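Take a short walk through this predicted model.

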Amino acid sequence: MPFSHCGTLIPRIGDEHAVATAWERFLQHQSVQVGGVRSVVLSSWQRCRSEAVNPESRCAPSVAHERVHQLLGEHRELCDAARPVLDGLRDILRECGSLIMLTDPGGTILELNGESRARSAGEGVNLATGGCWNEELIGTNAIGTAIATGMPVQIHASEHFCVDVKRWTCAAAPILDPLGRTLLGVVDVSGVKETFHGHSLALVMAAAKQIEGELARRDGILHARLLARAMDDFIRYGTDCLMLCDPRGRVVRTSGSVQAAREHHGVRLPFEVGAQLVALNLGLAEADRRRARPAWLQPEWLHPVKDGETVLGTLLVIPLGAGGHRAPSSSARAVAVSDGAKDAFAEIIGESEVLQASKARARRIAPLDLPVLLLGETGAGKELFARALHGAGGRPGGPFVAVNCGALTRELLASELFGYVEGAFTGARRGGLAGKFEQADGGTLFLDEVGEMPLDLQPHLLRVLQDGQVVRLGDVRQRKVAVRIVAATNRDLLTEVEAGRFREDLYHRLCAVSLSLPALRERPGDIDTIVEHLNRSLAAKYGCVPKALDPAVRGAFQCYRWPGNIRELRNVFEAMFALSDGEHIDAAQLPPAIARALAEHAEGLGKPCAAGGTGRLEQVEHQAVVDAIAHAHGNMSLAARTLGISRSTLYVKLAAIRAREARH
């Protein structure tokens, strides 16, 4: 909560006498002068009255030692994430006589730090491990009131409801689940009332955010492993309704028809990402999970997802019957394509083995509602693959929205992604503007060059990916969006993470599944196919017939390494197509760099192979190439097969022959 409202957040020491008087009147059911009592305190007193809390209670109740041990096991992840933060607070508050505590969602103290005198004083009211500080048990206090309101709060001296606690001052902030925003626990700083400081509230709020950030980072890593291990199962059970949950029973991913699952089996489960299913919480005892299991849930529907011997989560597979309720499987979609439906991958040209492997993996990924990270060099066709994943995915009719994260300034990128409201900044459009997330709602958002995103923008992107909600610049309203993310980069993001330039939790959130795209030089056999495709496309664009290519041009294309990949090839060929006269493209139109690559290759072929020189060898090779082309009546594919070489190699050899003839 912003500190512009600090008048209601932070108590004033000067009001203590007025608050004490108001408390006495409150207990006597007399009217209370609200001016001296903060609304958050008065509301808490009223809850205490409705719960019949005894104001004479001397200390908070305790849970048994065995129960504390059980709670520590159930909340181990919270304790592990919070421990470094609590240790840091202890060092900061070492001389202040304050206690630093972590509680579970019910207000039971799990961890406590502080110097010995403060701990000894705290034991008098059971500010100790195992003490229960829920409002219903010990009245108004920072821990219990933060739980009741879900907000950070500071309670001072007479504001407490129970008499013996009025000697204390405390500040507490709730810790929320980064995925589902449910309450996980509370961080609290308490001390005798003489230790009061208004900054204590800011301190616990910052600590809670730091703990939430660490939990989000751990969740990102775990969920990435979980999704990677479950990907094959999502394909295997593609016709059923699926719910993937992490070890705490939180929904990470769903797939299939929820409505069909309800009709067939009476399913009444929350399918929203972040919702928690107690029956799938692996931190609970088996007996507790069994008691929480709904009657319709069959044990054989639960499939543990493992990485070695480690159980990462649970896949709930709800089988669906036939009759139009089953989602189309991958094979069914393949049949549909073969029966005349447009193939989403048709625009990705090439038959090389390495490209076919990438396309095959992409086809398997496309139906899964998972974030995808495309890895490849600049110009390798990442947007083509992103569009194909969208077209073959579950929402092909939805929008496909692309944004280049490396082409905009930080301020422009923020407004492009998240949008803004009117007046958010100088020059903001009247009426505001929806960002790319909102524009892509119900479809796919393609984040190109995501590795270029400024570090300080990355937490905002992570928050949208986790919550599925976007807040425009200058606004407080949250807008829910359902967007599939496909990101792309030519950087090594793991190296960027190690260098501190890219957030590790964001990396794992984006890289649920990765897809590597081959560089053009890794598939030279596809160059001719791509050129022929471009030739036909440009002929249609310029209203002419496709142009004939000199063999030297094809050979030069094979010699060149294409650092700009397909994008560079397309630009080069279009320039040559547009600038060539008539219906023929010859080597004169080659850019200098490509012509130089051809010349260097030809010189390499002409170097001596043995002491006797190259004349005889060149003549034999020359004659073999000419004869093969003649016998094949100009069919280059047949000539290449006759010579036992690839067609691309044949073009290179033919270009070298032409180059030697030109020199002589």
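Helix H9 (199–236) and helix H19 (504–510) each supply at least two residues of the lining of the second largest cavity. H9 gives the most, with four residues. The lining consists of Gly 220, His 223, Ala 224, Leu 227, His 508, Arg 509 and Ala 512. By class, three of these residues are nonpolar, three are polar and one is charged. The volume of this second largest cavity is about 30 Å³.

The structure has two cavities of 30 Å³ or more. Turn now to the largest cavity, which holds about 60 Å³ of space. Three elements each give at least two residues to its lining: helix H8 (142–149), strand E4 (168–176) and strand E5 (183–192). E4 has the largest share, three residues. Among the lining residues are Leu 127, Trp 133, His 160, Trp 168, Cys 170 and Asp 188. Seven residues of the lining are nonpolar, four are polar and one is charged.

Next come the packed helices. Helix H20 (residues 527–542) packs against helix H22 (residues 565–579) at an angle of about 50°. Their axes lie 10 Å apart. The angle therefore makes H20 oblique to H22. The crossing of H20 past H22 is right-handed. On the H20 side, the contact includes Ile 527, Ile 530, Val 531, Leu 534 and Leu 538. On the H22 side, Ile 566, Leu 569, Arg 570, Phe 573 and Phe 577 are among the contact residues. The contact of H20 with H22 counts 12 nonpolar, one polar and three charged residues.

Conventions: Residues are numbered from 1 along each chain as its sequence is written. This is a predicted model: local features need pLDDT of at least 70, side-chain atom pairs count only at pLDDT 80 or more; totals for chains, interfaces and linings use all residues. Side-chain values use heavy atoms; hydrogens and water are left out. Axes are lines fitted to C-alpha atoms, for helices over the stretch in contact, and angles run from 0 to 180 degrees between N-to-C directions. Angles under 35 degrees count as roughly parallel, over 145 as roughly antiparallel, 65 to 115 as roughly perpendicular and the rest as oblique. A crossing is left-handed if the near helix is turned anticlockwise from the far one by less than a right angle, and right-handed if clockwise. Contact means heavy atoms within 4.5 Å. Ala, Val, Leu, Ile, Met, Phe, Trp, Tyr, Cys and Pro count as nonpolar, Asp, Glu, Lys and Arg as charged, and the others, Gly among them, as polar. On a 1 Å grid over the protein atoms alone, a cavity is a set of points where a 1.4 Å probe fits but cannot get out, and a pocket is an open set with protein on both sides within 12 Å along at least five of seven lines; lining residues have an atom within 4 Å of a point. Grid points are joined across faces, edges and corners, and a volume is the space filled by probe spheres set on the points.
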